[in-house]
Amino acid sequence: MQAKSIQAQTIQERLIVGLDVPTVREAEQAVRELDGVVSFYKIGYQLAFAGGLDFARELASGGTKIFLDMKLLDIDHTVAKGVENIVKMGMTMLTIHAYPKAMRAAVEAARGSDLCLLAVSVLTSMDEQDMIDVGYEYDPHTLVLRRSEQALHAGMGGIVCSAAEAEAVRRIVGPDMAVVTPGIRPAGSDHGDQKRVVTPAQAIRNGASHLVVGRPIVAATDRRAAAQAIVDEMRSA
């Protein structure tokens with residue numbers, strides 16, 4: 001069984017803005033400022049634990065696409081029950097850590113829904129030394145490819161990986177699965193805590209279906225202009 005994937009119709013739909021802000025009020029302001037340029041948002045831990053889940057439901061009910069970045073990982077039953085309730089929220093994407101049993105449980109729980117399940121391969125804040133420190137025998141690139149194969153076999157709808165690995169991942173998963181790339185930074189911007197970063201145009205050329213951009217847009221003085229510049233760069237790829 002294959003989980004729902006998602007195909008963007010326009011270049012704008014391929015940009016997902018991370019609402020990495022501390023309050024719903026600030027998130028609402030960002031959405032207002034980006035109206036007409038952005039139609040897809042990511043909500044992660046920071047905002048989720050400050051009322052962001054209700055905000056996610058509200059946006060989704062109005063037709064906005066929401067990527068709920070919860071990176072679920074637990075025993076199979078717990079993952080499945082969480083996914084069942086997230087399906088009811090009307091979310092567009094949900095992240096699951098790419099552990100085979102967790103992915104299979106999530107795929108079964110999302111059966112028949114429009115929820116696109118994304119397998120988190122290796123966090124873009126991690127490099128080879130970080131992998132050694134947590135006990136992995138693989139370097140980041142090798143583990144991303146291994147987990148991409150496992151996600152494909154589990155029936156997931158897509159993969160989350162660095163855009164530096166997107167081309168190799170695309171060769172494994174084929175043309176239909178979503179390849180969602182965080183760690184996107186326009187040329188000359190601050191990398192922050194990201195270590196494996198790529199520009200928007202290069203990410204598109206590498207085969208990414210969706211780009212997740214947070215701070216370069218949300219922390220910009222003119223958020224709308226920053227988002228439009230990234231869309232324009234994506235379009236030029």
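**Figure 1. Surroundings of aspartate 69 in the predicted model.** The model shown in this and the following views is predicted. Leaving aside neighbours within four places in sequence, aspartate 69 is in contact with Lys42, Ile43, Gly44, Tyr45 and Thr95. Aspartate 69 belongs to strand β3. Its relative accessibility is 9%, so aspartate 69 counts as buried, the limit being under 20%. The side chain of aspartate 69 makes a polar contact with the side chain of lysine 71, at 2.8 Å.

**Figure 2. Lysine 71, the position annotated as "active site".** The annotation comes from an unreviewed UniProt entry and covers Lys71. Lysine 71 is placed in strand β3, which spans residues 65-72. The relative accessible area of lysine 71 is 21%, so this residue is partly exposed rather than buried, a class that requires a value under 20%. Although lysine 71 is not a glycine, its phi is positive, at about 45°. The side chain of lysine 71 makes a polar contact of 2.8 Å with the side chain of aspartate 69. Not counting residues up to four places away in sequence, lysine 71 touches Tyr45, Thr95, Ile96, His97, Val120 and Leu123.

**Figure 3. Isoleucine 96 and the largest nonpolar core.** The largest nonpolar core has 74 residues, of which Val83, Leu94, Ile96 and Leu117 touch the most other members. Helix α2, residues 45-61, contributes the largest share of this core, with six residues. In soluble globular proteins, nonpolar side chains tend to be buried together. With residues up to four places away in sequence not counted, the contacts of isoleucine 96 include Lys71, the residue of the previous view, and Leu72. Isoleucine 96 also touches Val83, Ala102, Met103, Ala106, Leu117, Leu118, Ala119, Val120 and Met156.

**Figure 4. Serine 162 in a loop.** Serine 162 is found between β6 (158-160) and α7 (166-173), in the loop that joins the two. Serine 162 has a relative accessibility of 0% and therefore counts as buried. A polar atom of the serine 162 side chain lies 3.0 Å from the backbone nitrogen of alanine 164.

**Figure 5. The whole chain, as context for the close-up views.** The secondary structure of the chain comes to 10 helices and eight strands. The radius of gyration is 17 Å, close to the 18 Å that the globule rule gives for 237 residues, so the chain is as compact as a globular protein of that length. Taken along the principal axes, the C-alpha atoms fill a box of roughly 45 × 35 × 35 Å. Of the 237 residues, 52% count as buried. The chain exposes about 10600 Å², and carbon and sulfur atoms supply 49% of that area. Among contacts between residues at least 6 apart in sequence, 67% join residues at least 24 apart.

How values were computed. Residues numbered from 1 in each chain as written. Predicted model: local features only at pLDDT ≥ 70, side-chain atom pairs only at ≥ 80, totals over all residues. Heavy atoms only, no water. UniProt positions renumbered as here; feature names shortened; annotations may be inferred. Helix = DSSP H or I, 4+ residues; strand = E, 2+ residues; numbered from the N terminus. Buried < 20%, exposed > 50% of the residue type's maximum accessible area, 1.4 Å probe, protein only. Contact = heavy atoms within 4.5 Å. Polar contact = N/O pair within 3.5 Å; in protein donor to acceptor, adjacent residues only side chain to side chain. Core = buried A, V, L, I, M, F, W, Y, C linked by side-chain atoms within 4.5 Å. Rg over C-alpha atoms; globule rule 2.2 N^0.38 Å. Areas by Shrake-Rupley, 256 points an atom, 1.4 Å probe, with all protein chains shown as cover.
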